[in-house]
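Subject: A structure for you to explore

Hi there,

Here is the structure I promised to pass on. Please open it and keep it beside you while you read the rest of this email.

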Amino acid sequence: MNKRITRRRFMQFTVGAAAASLVPSTTRARATRDRPNIVIFFLDDSGYGDFAHNGNPTIRTPNISKLMRDGVNFTQFHVTSPACSASRYSLLTGRYPGRSGLGSWVVGPSSKHHIHPKEITLAEGLKKRDYKTGIFGKWHLGSPNRNNGASPDTLPLAHGFDEWIGTNVSHDYGNAMLLKSDPAGTNPIEGYSLIAKNLPSKHDVCASLTGRYTKAAIEFIRKNKSDPFFVYIPTNMPHLGIHASKKFLGKSRRGLLGDVMEEIDDSVGQVRKTLEENGLTKNTLIIFSSDNGPWIRFRNTARCKYGEARLHVGYATPFRDGKGSTWDGGHRVPGIFCWPGAIRPNSVEQSPASTLDILPTVFALTGAEVPKDRSIDGRDIRPYLMPARYKAKVPEFEFYYSASDNKPSAVRIGPWKMHIRISSQTGNNYGFKASRETPLLFQVEQDLGERIDRAGEQKELVEKMRKRLEAFEAQVEKEGALRDAQ
């Protein structure tokens, strides 16, 4: 039987509706594709084989595996450099390290170099679209010191980030610092406060890093849930020496490395739970990767300042070598993109891609402007993420592997990789030699370990790739770094 709407109930309904109409629009959930939130997890020295979804039998990473199942897994994902600073530069700018003017693949705490203030980072581009931006983890793109006049341009707030807690460099540097942004702070420069210094001697601080970053990222998400936000979580772990909090110590069959990885996995789970609790899951793109491969230089080192390092180093399996090398083990890393409701779940993308592609893709998804006054080396890979929505053909994968001097050591076009020089921090060249005149050529989709040199069989291809490499080198030289233009 129909019930009559009484005058009192009618007034309650109309007053409630009127009140709802007065709520500011920023408190309402945005449409799924209206400036999606961006969350990037960027591990330190974590190899391709350190994860359950890539076949590791004794490291449990269920949350990362679920991230993969809920999104797309790139099985051929690359970084431009096999070392910290140069790799992070490329992630944040979409540009090769040779354009940075940093001079080397690692920027130490006493280096005068730092990311140039005229670079346009992910954070800066997103801020122009009214994003809130936070970094919760290792920076490693500059430190204020006497060699650069304690420049304020060395640290994250000068490069588009609103908030930061993290280390200026890797935590194994003797004078590494844990810092946070602080409007009233003056240590080491204005706008920052010192939490701890000389980190290698502070096990308790190092063991707290993953948890600190997770907590700070969650607080940032909750605080900014009504606005679009960019959360960048570059963990210190599993860079040597590795540390896990008490909650995770002794939990993994793999030992301390497994404990560390499982704590990172828990961080991913906590962040995803926070997004879910705040109704943000379907409006958030999560990207998961690592800055380079594992530091296999210490794979046979029983005792050193990192403890029993040989048991603390991860896996580049099935690729050759690791961090600090020109082989694929240094440049191939996990690559997961997860956006429920937008990216088809449980997808696998075998086409090669790289961290260079993140900036142009994220800018395209968010409506941010891609800089036109400089070279952007990445590609818009939205058709790989959402092929039903984006039909354009992704440009061919032409990729340059940077070495310690931030100059190319190898080039990949399609499935072919050509080395013009090889190096490894292990000192092992695996019986190969390479030069510009006599390069090595591998078909790396068939020969994952780069074992069989095909240069003698593919002379025309070698010449084509050499010309592409030389054209790229000439273009980088002609354009110069922003530092050179001052």
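Below are some notes on what turned up in it.

Please keep in mind that this is a predicted model, in which local features need pLDDT of at least 70 and side-chain atom pairs count only at pLDDT 80 or more, while totals for chains, interfaces and linings use all residues. Residues are numbered from 1 along each chain as its sequence is written, and side-chain values use heavy atoms, leaving out hydrogens and water.

Let's begin with the helices (DSSP runs of H or I, at least four residues; strands are runs of E, at least two; both are numbered from the N terminus). In helix α2, residues 62-69, the buried residues are Ile64, Ser65, Leu67 and Met68. Buried means under 20% relative accessible area, exposed over 50%, and partly exposed in between, with a 1.4 Å probe and protein chains only. These four lie on the same side of α2, because they cover an arc of only 155° around the axis, taken from the directions from the helix axis to the C-beta atoms. An α-helix has 3.6 residues a turn, so residues three or four places apart point the same way. The buried residues of α2 pack against β2 (72-74), α6 (256-277), β9 (284-290) and β11 (336-338), where contact means heavy atoms within 4.5 Å.

Next, look for an open sheet of 3 strands, ordered β10-β3-β13 with mixed pairing. β10 (332-333) and β13 (353-354) are at its edges with a single partner strand each, so one side of each has no neighbour in the sheet. Strands pair if DSSP finds at least two bridges between them. Strand β3 (residues 77-78) is joined to β10 by 2 bridges, and the two run antiparallel. Within that pairing, Phe77 stands opposite Val333.

Finally, the rings: the structure holds 26 aromatic pairs. Rings of Phe, Tyr and Trp (its six-membered ring) pair if their centres lie within 6.5 Å; planes under 30 degrees apart count as stacked, over 60 as edge-to-face and the rest as tilted.

Happy exploring!
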